[in-house]
Amino acid sequence: MQAQRGDCGMTRREGRRARISVGRGKFPLLVSVAMAVMLVAACQVTPARPSVQQAPATLVLATHDSFAIGEEVLAAFEAEHNAQVQVLTLGDAGEALNKIILSKDAPLADLFFGVDNTFLSRALAADVFESYVSPQLAQIPDELKLDAESRLLPVDYGFVNLNADAAWFEAAGIPLPQTLDDLADPAYRGLFVAPNPASSSPGLAFLLATIDSFGEEGYLDFWRALRANDVLVTDGWSEAYFEHFTVGSGGAGDRPLVVSYSTSPPADVVYATDGRTAPASVNLALPGSAFRQVEFVGVLAGASQPELARDFVDFMLGEQFQSDIPLQMFVYPANPNAPLPDLFTQFAQAPADPVLFDPAAIEANRERWVQAWAEVMTR
Amino acid sequence: MRRFLTVALFALPMLFLALFYVYPLLAIFRVSFSGPRPEVGAQAVATLVSPTFWSLLWFTTWQAALSTVLTVIAGLPLAYIFARFDFPGKSILHALLTIPFVMPTVVVATAFMALIGRNGVLNTGLQALLVLDAPPIQLEQTIWLILIVHVFYNIAIIIRTVGGFWGNLGPQFNESAAMLGAAPWQVFRTVTLPLLLPSITAAGLLVFLFCFTSFGVVLILGGLRFATIEVEIYRQAVSYFNLPLAAFLSIVQLLLTFTVMVIYTRMQARLSRSLRQRQRGLSRVPANWRQWTLVAGALFVTGVGLLMPLVALVVRSFTLGDQGPTLLYYQALGENPRQSAFFAPPVTAIANSLLYALATLAISLPLGVIGAYMLAQPRSRWAAIFDPLLLLPLGTSAVTLGFGYIVAMGPLRASPWLAPIAHSLIALPFVVRTFLPALRALDRRLREAAATLGAGPLQSWWTVDAPLLLRAGLISAAFAFAISLGEFGATLLIARPDRPTMPMVIYQALSRPGLIHYGQALAMSTILMAVTAAALIAIERFRLPGEEEF
């Protein structure tokens, strides 16, 4: 069935239609097997058909589960470079990177998008990316370039911070918290839900923010106080947001404070069900509580299409792709020349003073910090 | 010639396991332990002496054992009712009870929260009814919730496998015992239970292995305080990329699984006895009001316990907050407002899921049946190796094996065939375990009689074996299908297949904020339930040509 995505010149759309009709047959499996065999045979027997245009080359882009791109944007690249882009989704950010590292000797793809700053050191130490100084880098702010050798190039960034259910606080007559310490105040007892840093990337980001704010000596005391104040820790972001956060769960949850992203409020409007024009959740600007995540792309060493991979890196940093980023992946484009949608400028202002953590320190201490935290939270 | 054919046939399932299980597992162990020996050894020793390691082992084992016992206790009465009684809506209910088996953990967690969370329906109702200050049910992040959900997930295994075997038991033993003056419970204890034990232990073993390697349930519902070996392997392999430790823990997990299986195989050999089975089940309409009350009572309790969380999900998928009924979430499934390139409309996702499930069926059913025949051979030399090997995939860390695929699978790595292969690895033990008790119970005299009457080997198989094994075949087909629909072993896959399935659409929706995404996840879960139920009912209705209803 791989052949449907192969070099037979079948476009993405035709491939999809073929798939649907396969499913309707009386013996779908047999039919599809037969089809696949015929397609493979066709690809192999017929040499490149004498046509004006060459068959498109296939570029394999490996990435994590949250990658999204507009159909037209992708088609523009494919048309311009006579290429076909195959996307391999390899799991969450950590899992995907590990798979890339494990397949170092026989790369799974030509390039990989989705290394974030918490995994940057691991990715660079594994020596799986090739340096590429893209001409587009000139447009990108220096503060986002965390790899001096340009093996990993910044594509987007976002902020993990606290969201609050503004209406809940107003109805309860409690002011919104103003500092991280407020979260440990009895007035906010049982109101806060956070994902587990051991299994969730926003969970880890928030833990790192508290380490930055309270220092390595003080962060555990802060979490002890949070625990005494009945903080709820869930396994992942989805459970925190959709089960327990009052806004995300549509009222079923009972926690009006959650660790999420600065772009969750615009998503709350875009994906609302009641036609609301302003989000029900707001970003809290507690000093030292926002953590900046930067996502990078890199060309894999040993790529079979290195030239095309570099073209795709240029494309990802260019304005067309960058303008598509906010409403596809709900993060900010790294290229400041890409316009932000109104929703972002209205409801997702970047936090004034985010925590910028040294990637090397994260990789070196991650396990120790998380284990120490887990001990405090469970003992 | 015939001997050669038999050997070639028996080699097929072994080849499958060697290629897709043993080889990648050895490959990842080799890579993981490729570091300097003293370091690897020191880490293993450090792990062995740490108290956390031993409490991890202890918790993993006791929660799995307790979950299994509870599942068997909860499942047996239902297995009995489905084996012995006919009542309106039976086949639909039978299918509905298997739905939990395929549901993604995140969705089940939200369903349970909607019911018994602090703001859940039960708590708010009870609070209003009993005028309480605090919610009376507080199970969030407790071991009780883990146990309850394990029962919820795995009860179908008991109902289907034990119930299927029970339905084939003739009444003659019970009747003789009753004639000799045994009270009903005495009949159960001295006659029925011993006859059922092989089937109960076989099903119990599968439940145990599922709970032993439990991952999502423990992580999502257990909170911080609970972790199984599987959870720790995942953290070490993915979060910390500590492959040597992950591999070491995987081996410990395998050794424990292997020990359990050796105990099981010993027990099983002692328990199984061949007996005359009935070709048709002997379920009948309840005869009197006492039987009717029994059936209705048991079904009511099940309905409340098992189906309420699912009903809660369905209701929420059709409800728009406080604004009453809606179809909005279902409409949204078919829309692609941002023109995203990887969008899959629901029809495509359903078609993809069914396609993978059919492929899984096509791989696992023949291989499993061959495997079961091989194990049933009297004094088979292969059985000693093959028996535990077949079950080991269930007790193996999926993330470890998945990493093994990357190292070992070469060009197959990104092939869409990897999905049905991974599903088959999980489905194979089910097929073998449901077939084996039925096969061992086959009365060999019947086949000998057929041979004496002049039937060739194929003919005697078709006329003697096939009808008696049909029920086991249907049960295992249902499981193979459900396992694939529920995306078991998804972490085995290197890449998400580029044909999105129903569970994938659910996970995608739940990874983004916004109420519409949550609604879409609920709507797709409801569709997944409906498709699963329809598929299971279709499988149950399947008949051999010329056969009447059973």
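In this predicted model, helix 7 of chain B and helix 9 of chain B cross with right-handed geometry. The two elements span residues 143-168 and residues 184-212, respectively, and pack with their axes 9 Å apart at an angle of about 160°. Because angles over 145 degrees count as roughly antiparallel, helix 7 of chain B is roughly antiparallel to helix 9 of chain B. On the helix 7 side, the contact is formed by B:His150, B:Asn154, B:Ile157, B:Ile158, B:Thr161, B:Val162, B:Phe165 and B:Trp166. These meet residues of helix 9 of chain B, among them B:Leu196, B:Ile200, B:Ala203, B:Leu206, B:Val207 and B:Phe210. By class, the contact between helix 7 and helix 9 of chain B comprises 13 nonpolar and 4 polar residues, with no charged residues. In an α-helix there are 3.6 residues a turn, so residues three or four places apart point the same way.

At the level of domains, the assignment for chain B gives domain 1 as 1-24 + 332-550 and domain 2 as 33-279 + 305-319. Their C-alpha centres are separated by 20 Å. Domain 1 of chain B contributes 49 residues to the contact, and domain 2 of chain B contributes 53. On the domain 1 side, two or more residues each come from helix 16 (381-391), helix 17, helix 18 (418-441), helix 20 (457-485), helix 21 (502-510) and helix 22 of chain B. Helix 22 of chain B provides the largest share of that side, 13 residues. The side of domain 1 that touches domain 2 in chain B consists of 32 nonpolar, 10 polar and 7 charged residues.

Helix 21 of chain B is largely enclosed by the rest of the structure, since 9 of its 9 residues are buried. The buried residues include B:Met502, B:Pro503, B:Val505, B:Tyr507, B:Gln508 and B:Leu510. The buried residues of this helix pack against helix 5, helix 15 and helix 22 of chain B, and also against helix 8 (237-244) of chain A.

The contact between the chains takes 60 residues from chain A and 54 residues from chain B. On the chain B side, at least two residues each are supplied by helix 5 (105-116), helix 10 (216-222), helix 11 (229-239), helix 15 (346-376), helix 17 (398-408) and helix 22 (515-541). Helix 15 of chain B gives the largest share of this side, 7 residues. The side of chain B that touches chain A divides by class into 32 nonpolar, 13 polar and 9 charged residues.

Key:
Residues are numbered from 1 along each chain as its sequence is written. Chains are lettered from A and ligands numbered from 1 in the order in which they are written. This is a predicted model: local features need pLDDT of at least 70, side-chain atom pairs count only at pLDDT 80 or more; totals for chains, interfaces and linings use all residues. Axes are lines fitted to C-alpha atoms, for helices over the stretch in contact, and angles run from 0 to 180 degrees between N-to-C directions. Helices (H or I, at least four residues) and strands (E, at least two) are DSSP runs, numbered from the N terminus. Angles under 35 degrees count as roughly parallel, over 145 as roughly antiparallel, 65 to 115 as roughly perpendicular and the rest as oblique. A crossing is left-handed if the near helix is turned anticlockwise from the far one by less than a right angle, and right-handed if clockwise. Two residues are in contact if their C-beta atoms, placed from the backbone, lie within 7 Å. Ala, Val, Leu, Ile, Met, Phe, Trp, Tyr, Cys and Pro count as nonpolar, Asp, Glu, Lys and Arg as charged, and the others, Gly among them, as polar. Domain bounds come from an automatic or database domain assignment. A residue is buried if 20 or more other C-beta atoms lie within 10 Å of its own, exposed if 12 or fewer, and partly exposed in between; C-beta atoms are placed from the backbone.
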